[in-house]
Structures are given as structure tokens and as C-alpha cells.
Amino acid sequence: TWLQRHTLAPDEVVVDYTGGTKTMSAALVLAATEHFSRFSYVGGTQRDKAGTGIVITGTERIHYQGNPWQELAVREIDRARALWAEQQYVAAGAILRAAKPHVPLPQRPAFDCVIDLATALADRLALQLHAAAQRFEKLANKLQKRPPAQSAPMQVLEAHDRLISFCALAASRLSSSEATTGPAADPHLQLRELLDNAILTARLGRYDDALARLYRALELYGQNELARLTDGVFQLGQLKSGTLPPSVATCSVFSDTTTAVQKAQDGIALEDVYRVLAHLDHHAAAIAKAEFDGPDAQKSSWRQATQRRNQSILAHGIQPVSERGFKDLAVLIQEITGEDTSNVLLEAPAFTTAWFY
């Protein structure tokens, strides 16, 4: 208010504090660090009382410095840490990007690395697996080329090594998980990444989005198993040849022989995928089929869990998904696939100031 009254800009202010009147000086510095960037301290080459008293007149020396809070980005790093814990990686990266010009030059490459990490983690959450894999790989290479000094504290050295390991592992997993058509290079890692992503999305409280990922994981598992058991004749639930393989031709899903091939080429739906798998003696699919084709199908855990997705506003209904709805489908998928759906197997690294050393 005082600055506005006198039409002064913050960069026109020099905050002058002293070693005397300590309570007032401490209050001034605490208030000023939020608003100003130029500080000065009046010291001296000689003091009375054998060097412990006040500065002797004529020996004063003024020391100018920038705001240490701004130069070291303490407040910004604290804000980024809080956002990071909430998986708000884009916002955390934006704060660090704005703070980087204010920190000493030697520290800026470390800021760049953390910003790159935030961007890669945001890409992963958004299911941009190819982009995320490339960013993680580039970051791992960058970190290997600029190790901290051997004299750095042990926690800094360890944090650096852990980050390289995470980036290399994430790049490998995401590269093996991505696919433009058909099964990924590693269908199991593809499924695992989708499940991890669903759990991470649920942590944000976005249960409709998270349930959609779980439903796709259930469908994708069935499609990948069908591709495996038919030697790739089926891919993503679609027949890629002009005839049905003999092993599935007699399945009830294709009982109408006049439209069977066309139906298979158009792509079969979730439950039909599992019916075909059950026909091929797939153990987990046979258990699922017994549920959704059984006498109490509508009350089965399969239908109860999958219908929550179908009733979601992101599917065919308008009902919001609850945490309970997410967990029910997660339990079903764990029973079908054998995958742990209660924990993320590739957790993002926890934010640490050791990265900025």
C-alpha cells in the first residue's frame, strides 16, 4: 500500500537492514523477502568494544546482495514439492521454470533436469507413453553426463543414482508398453502400465477416468491373451485374416456362420472375447464366463463391477463413479489377471531437494 501511494515499483526498493535493533531488522527481512529482491547491509572494518560493539564512524562498508530466498528458490521449491506430492507435475514444472532464472547459474542445469522429469511424469499420467519414454531416456542420459561432484553429500549422490535408475527403468517399461496396432512388444508390461496408471489416476480422485482405464485393462488383457492363443490371428479383438481359425470356429460366439467372419473382423466385444478364451480352455476366462453367463449373471461380481463403468458418464450413462466402484473392478481384474491392483509397481520418485544440489 505504501509503495502504491508513492508510485514505487518493488525493483526500486533497497531493503537496508543492520546488526543492531535485531527484532526490527528480523521483522523487516521476513516481510521484505516476499516482495523485494535487493538488500543491503551496513557493516564496517572496525568496531568499538574490542571488535564486538558498533561500527566506528568512517569505517562503514555497505554490502549489497540479492534476496537469498529468491536466488535459492526456497519458497518455489517448497511449492513444487507440495504440488509434486499431489501428482500436479505440470504445475510443479511451471513453478520451477519460473524460478530457474533467479538461481545461480551453476544450479540451473539441475532445475532443467527436474523440469524434464516433471514433464515426463505428466506425459505418463496422460498415457502419452511414447513421449514419456523418450523424455525419460533423454533425462537418464543427461544425468549420466553431469554427475554431482564426488565431494557432494552422500544423500545427493544416492539421489542422483536413484533418479538415473528410475528414468532408465521407466523408459524401458514405457517403450515396451506402447503400441500403435496389435499387442505391445511386452503385453504384460503394457497391462501393468495401464493398471499403474489407473491407480495413479484414482489417487487424484478422478474415479471415472480411473475406472475407464481399469475397464480397458480388463479388455486389453483378454485381447492380448486371444492374440497369444491364436498366434496373432486376432489382434485387439479383431480377426486379421479372411477365415476363422479352426480352434475358435466352433465357439458359440460365431454360431451364425454367415456373419461369423465379418463379426470377427469388425471386432468382438469384451464378454465375447472372454467367451472365445473360455472356448480355448483359458482358465481365468472360463471362471469369468461362468459368472456372466450363469443363472445369476446380473448379480455376479463381474456384472456388478463392469456395469459401474457402463453407467459412467464416460461410457453410456450419467452416474459418477465412486471409490467403491473403482475398487470393486480392481478386485475383479486382480482375480482375472493375477496382477496386483492395489499398488503401483513403478512409483514416481518422491521429490527431494537433493536433486537441486
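1. Two strands are said to pair if DSSP finds at least two bridges between them. Helices (H or I, at least four residues) and strands (E, at least two) are DSSP runs, numbered from the N terminus. The model is predicted: local features need pLDDT of at least 70, side-chain atom pairs count only at pLDDT 80 or more, and totals for chains, interfaces and linings use all residues. Residues are numbered from 1 along each chain as its sequence is written, and side-chain values use heavy atoms, with hydrogens and water left out.

2. Three strands form an open sheet in the order β1-β2-β3, with mixed pairing. The edges are held by β1 (15–17) and β3 (60–66), each with a single partner strand, so one side of each lacks a neighbour in the sheet.

3. The pairing of β1 with β2 (residues 38–44) is parallel and spans three bridges. Within β2, Y41 is the bridge partner of Y17.

4. Among the buried residues are L270, Y274 and L277.

5. Contact means heavy atoms within 4.5 Å. In α14, L270, E271, Y274 and R275 meet W302, R303 and T306 of α16. The cover over the buried residues of α14 includes α11 (207–229), α15 (283–292) and α16.

6. After α14 comes D281, whose phi is positive, near 65°.

Methods
Buried < 20%, exposed > 50% of the residue type's maximum accessible area, 1.4 Å probe, protein only.
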